[in-house]
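Hello,

Here is the structure I promised to pass on to you. Please have a look at it first, and then read my notes below.

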Amino acid sequence: MVEVEDVLSRLRRYPDVEAVNLYAVDAADRLLLDEAAEALAAAGDGRVAVIDDGYGALTLGAIAAHELHGVRVHQDLLTGELALAGNARTVGLADRYTAHELGPGLLSDVTVVLWRLPRALSGLAETADAIARFADPEVRVFAGGRDKYLTPAMNEILAESFSDVRASRGRQKSRVLLATGPKAVGEPVFPVRNRLDDRDLEVVAHGAAFSGPKLDIGTRFLLDHLRRMKPDARDAIDLGCGTGILAVALAKARPEIRVTATDQSAAAVASTRATAELNEVADRIQVLRDDAMSTAPDNSADLVLCNPPFNVGAAVHTGSAIKMFQQAGRVLRPGGELWTVYNTHLNYRGVMERLVGKTEVMGRNRKFTVTRSVRGLHDAR
């Protein structure tokens, strides 16, 4: 039998950002495993699902503690999926779980769900609906997180899909919500649609996609500079595509351009595909679930558009943005351009100058800065 603490102590975040203040397992993971222990022991093989397990603590911890097989896992973020796979190989448990999309393949006949609560309430609502829709009527949902990210609205959203929602006692600034009694469900609410009249664009959004069906103000500011972006570009990448607004706007504005939209979020990729279809540009947009363009060849793009995150998971950290800039420097052809919008206080300009090339401020308002970075003609990266 594999010791649980031995498993948890060996977990890594890789290929996600690793730093001294970023952890692969935390107090909320441990509390979830403890609160669900009795239910997991009774569930047996093939009846447990784990959702949005950061780096494998819930999946591998449950498997090790209860000798489980056939655990079904859904992770919206590709980095989490890859980290779990790597950690499972390291501790010898790779054959004990399978990865699934959010839907019946993940949840059919499941009696126990372990779930790290997302910060986006729309993502919480879509997942709660899926559990209530597809899981066993006797399902017990253990949904947990750190106290500072939990809000009363989460209880209310869970109560829309479950008849009983209660909170555990807190421990180490963490808490678990237990939901039981799935309610009868009607037509699915997600994905949702919205028309941006001022952009002549329809947006489709799944719950966990950044900014939902709306146009966030940073992306709006970057779009204002669309006509100035490398006029002769033929191959462009929307890096961190979200719902696909940048990719679709670029494809509509320039019929001659080929666009690759990439995001590590499964919800974002599904949203972008649907947005491209609805706007009749799907034939010119390739949508990939990828970790910061890691599978894109060197020197393969003329133009990269990016509205980078300012957090890694729940932590405020610039690591993800820096990773994106590093990849842009590799993927851009000499003379290629990276156009970025970011919160002005983050002051990324020097980082992009170093990782990509000469960087100019192209626009600035009260909150955001738009920059253009040009890869040097003789810069071998």
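Before the first residue, one cut-off: contact here means heavy atoms within 4.5 Å. Please also keep in mind that this is a predicted model. The chain has an average pLDDT of 94, with 96% of the residues scoring at least 70. The stretch to treat separately is residues 311–317, where pLDDT stays under 50; the model has 21 contacts beyond four places in sequence for that stretch.

Let me start with threonine 262, which sits in strand β11 (residues 258–263). Its relative accessibility is 3%, so threonine 262 counts as buried. What does threonine 262 touch, leaving aside its neighbours within four places in sequence? Its partners are Ile237, Asp238, Leu239, Gly240 and Cys241, together with Leu288, Asp290 and Met293.

Glycine 181 belongs to strand β7 (residues 174–182). With 24% relative accessibility, glycine 181 counts as partly exposed. Beyond four places in sequence, glycine 181 is in contact with Val139, Ser161, Phe162 and Ser163.

Next, the aromatic residues. The structure holds two aromatic pairs. In one of them, the ring centres of phenylalanine 325 and tyrosine 348 are 5.1 Å apart and the planes stand at 75 degrees, so this pair is edge-to-face. The pair links distant parts of the chain, 23 residues apart: phenylalanine 325 is in helix α12 (residues 319–331), and tyrosine 348 is in the loop between β16 (332–343) and α13 (349–355). Phenylalanine 325 is buried at 0% relative accessibility, and tyrosine 348 is buried too, with a relative accessible area of 2%. Tyrosine 348 also pairs with tyrosine 342: their ring centres are 5.2 Å apart and their planes are at 65 degrees, so that pair is edge-to-face as well. Tyrosine 342, like tyrosine 348, is buried.

Now for a pocket and a helix. The second largest pocket has a volume of about 180 Å³. Its lining is made up of Arg199, Leu201, Leu223, Asp224, His225, Leu226, Arg227, Ala249, Lys252 and Ala253. By class, that lining has five nonpolar, four charged and one polar residue. Which element gives the largest share of the lining? Helix α10 (residues 245–253) does, with three residues. Seven of the nine residues of α10 are buried, so the helix is largely enclosed by the rest of the structure. The buried ones are Ile245, Leu246, Ala247, Val248, Ala249, Leu250 and Ala251.

Finally, some backbone points. Most residues other than glycine have a negative phi, and most peptide bonds are trans. Against that background, the peptide bond from tyrosine 14 to proline 15 is cis, with omega near 15 degrees, and proline 15 lies in the loop between α1 (4–9) and α2 (27–35). Phenylalanine 190 and proline 191 are also joined by a cis peptide bond, with omega about 0 degrees; proline 191 is in the loop between β7 and β8 (192–196). Glutamate 67 has a positive phi near 50 degrees and is found in the loop between α4 (57–66) and β2 (71–74). Asparagine 347 has a positive phi of about 50 degrees, lies in the loop between β16 and α13, and is exposed, with a relative accessible area of 56%.

Best wishes

How values were computed:
Residues are numbered from 1 along each chain as its sequence is written. This is a predicted model: local features need pLDDT of at least 70, side-chain atom pairs count only at pLDDT 80 or more; totals for chains, interfaces and linings use all residues. Side-chain values use heavy atoms; hydrogens and water are left out. Helices (H or I, at least four residues) and strands (E, at least two) are DSSP runs, numbered from the N terminus. Buried means under 20% relative accessible area, exposed over 50%, partly exposed in between (1.4 Å probe, protein chains only). On a 1 Å grid over the protein atoms alone, a cavity is a set of points where a 1.4 Å probe fits but cannot get out, and a pocket is an open set with protein on both sides within 12 Å along at least five of seven lines; lining residues have an atom within 4 Å of a point. Grid points are joined across faces, edges and corners, and a volume is the space filled by probe spheres set on the points. Ala, Val, Leu, Ile, Met, Phe, Trp, Tyr, Cys and Pro count as nonpolar, Asp, Glu, Lys and Arg as charged, and the others, Gly among them, as polar. pLDDT is the predictor's confidence in each residue, from 0 to 100. Rings of Phe, Tyr and Trp (its six-membered ring) pair if their centres lie within 6.5 Å; planes under 30 degrees apart count as stacked, over 60 as edge-to-face and the rest as tilted.
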